[in-house]
Amino acid sequence: MTTMADVARSAGVSVATVSHVLNGTRPVLPRTRQAVLDAVEELGYTPNTLARSLVTSRTRSIGLAVSAISNPYFTEILQGVEAGALEHGYSLLIADPHDDPEHERKVVQLLHERRVEGMVVAPSAQPRELLSYLGRHRVPAVLLDRVVDGSGGGGAPFDQVCAENTEPTARLVTHLAELGHRRIALVAGLPGLSTTAERITGYRHGLAAAGLPYDERLLAHGDSESAGAERATAALLSSGARPTALVTANNAMTIGALRALRAHGLSVPEDIALCCFDDFAWADLFSPRLTAIAQPSRDIGARAVQVLLDRLAEPDRPARTVRLPCAFVHRTSCGCPDGPERPERPERGVLRDRRGR
């Protein structure tokens, strides 16, 4: 096995110089650096990451804690986090908190004990213990997808990266209203999540913009999962204010809602129009094709890594919340005629970086 000493002999430099080149611990003349890199390539040298971490106290690893990794949305976020980490020479350790507050704190502690240099975490609906642990141990962390108010146990707010939720949800509602619908229902997510609250706010803003009254009978919680949305949709269909249009607040709940509509013998969009928050790869394979809000999932993951690396480089920098714009993907489940897929982005569809709270 090729050693660092072999690289040093081939390049005609000291072992210390090879170490400085590979670890970036001290400036090296460009000609010397290139000689070292050429020797590494020629000899096929692979650095001993474990030994290096023992010496430098750096593991070059990032912890990622997200629930429902099987969900296509979080799978794409994971791909973005992984790509961003690898681009900067970091490995990734992954854990699933299962949206359970107690399990969430345990898996974050396990990641911390494995000496990850920072974490990207999608917090649960009750993140108090999580935030307390991260703050108390001063773990560099970026909160992903779901934002929280207030600060961690250490007294400092956390960096956060997520998509816009309010305006895109309102866009779905106003679109349905423009098509003539007056009883537009929402199958919302798990209570306590910021995404749930913001999409409900967007739903109500959309109703108000269309001059429609808010009717609490048209709002049901599907708890962010398919089975819950199936029950919620069935309840809406059995209510005294049966909707003519339905908005589902994530992709898993869209599947559950479609099951309920089929069980009731209803066709989309002939009997009830449907729009969903979260686009997914096969949304245009449904019949009808699903009109949806598409989140920039991979960009969210990659941006979270960059924000975390900025935090590692400048531990005392002000905390920031970064929101990325979504796209309105116009298909046919809303009741519009079939035609080419028409993604539409908000006019102000630029990344907004909100610092502090």
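Of the 357 residues of the protein chain, 48% count as buried. The model described here is predicted. Its secondary structure comprises 12 helices and 14 strands. The accessible surface of the protein chain amounts to about 16900 Å², of which carbon and sulfur atoms supply 52%. Among contacts with a sequence separation of 6 or more, 68% are accounted for by residues 24 or more positions apart.

At the start of the chain, two helices were examined as a pair. Two packed helices are described by the angle between their axes and the distance between the axes. Helix H1, residues 4-11, packs against H2 at an angle of about 105°, and the two axes are 8 Å apart. H1 is therefore roughly perpendicular to H2, because angles of 65 to 115 degrees are assigned to that class. On the side of H1, the contact is made by Met4, Ala5, Val7 and Ala8, and on the side of H2 by Val15, Val18, Ser19 and Leu22. The C-alpha atom of alanine 16 is separated by 9.9 Å from that of arginine 26, 10 residues away along the chain.

Backbone geometry was considered next. Most residues other than glycine have a negative phi, and most peptide bonds are trans. Arginine 138 has a positive phi, near 50°, and is placed in the loop between helix H7 (128-136) and strand S4 (141-144). Its relative accessibility of 68% makes arginine 138 an exposed residue. Aspartate 145 likewise has a positive phi, near 70°. This aspartate is found in the loop that runs between S4 and strand S5 (159-163). Aspartate 145 counts as buried, at 4% relative accessibility. A cis peptide bond, with omega near 0°, links valine 268 to proline 269. Proline 269 is located in the loop between helix H11 (251-263) and strand S9 (273-277).

Serine 333 touches Val268 and Pro269, together with Ala273, Leu274, Pro288, Arg289, Leu290 and Thr291, when residues up to four places away in sequence are not counted. A polar atom of the serine 333 side chain lies 2.6 Å from the backbone oxygen of leucine 274. Serine 333 itself is situated in the loop between strand S12 (327-330) and strand S13 (342-344). The relative accessible area of serine 333 is 0%, so this residue is buried.

A further loop position is that of leucine 190, between strand S6 (184-188) and helix H9 (194-209). Leucine 190 has a relative accessible area of 24% and is therefore partly exposed, because burial would require a value under 20%. Apart from neighbours within four places in sequence, the contacts of leucine 190 are with Ala125, Thr196, Asp223 and Ser224. Leucine 190 and histidine 221 are 31 residues apart in sequence, while their C-alpha atoms are 6.6 Å apart in space.

Key
Residues numbered from 1 in each chain as written. Predicted model: local features only at pLDDT ≥ 70, side-chain atom pairs only at ≥ 80, totals over all residues. Heavy atoms only, no water. Helix = DSSP H or I, 4+ residues; strand = E, 2+ residues; numbered from the N terminus. Buried < 20%, exposed > 50% of the residue type's maximum accessible area, 1.4 Å probe, protein only. Contact = heavy atoms within 4.5 Å. Areas by Shrake-Rupley, 256 points an atom, 1.4 Å probe, with all protein chains shown as cover. Polar contact = N/O pair within 3.5 Å; in protein donor to acceptor, adjacent residues only side chain to side chain. Axes fitted to C-alpha atoms, helices over the stretch in contact; angles between N-to-C directions. Parallel < 35°, antiparallel > 145°, perpendicular 65-115°, else oblique.
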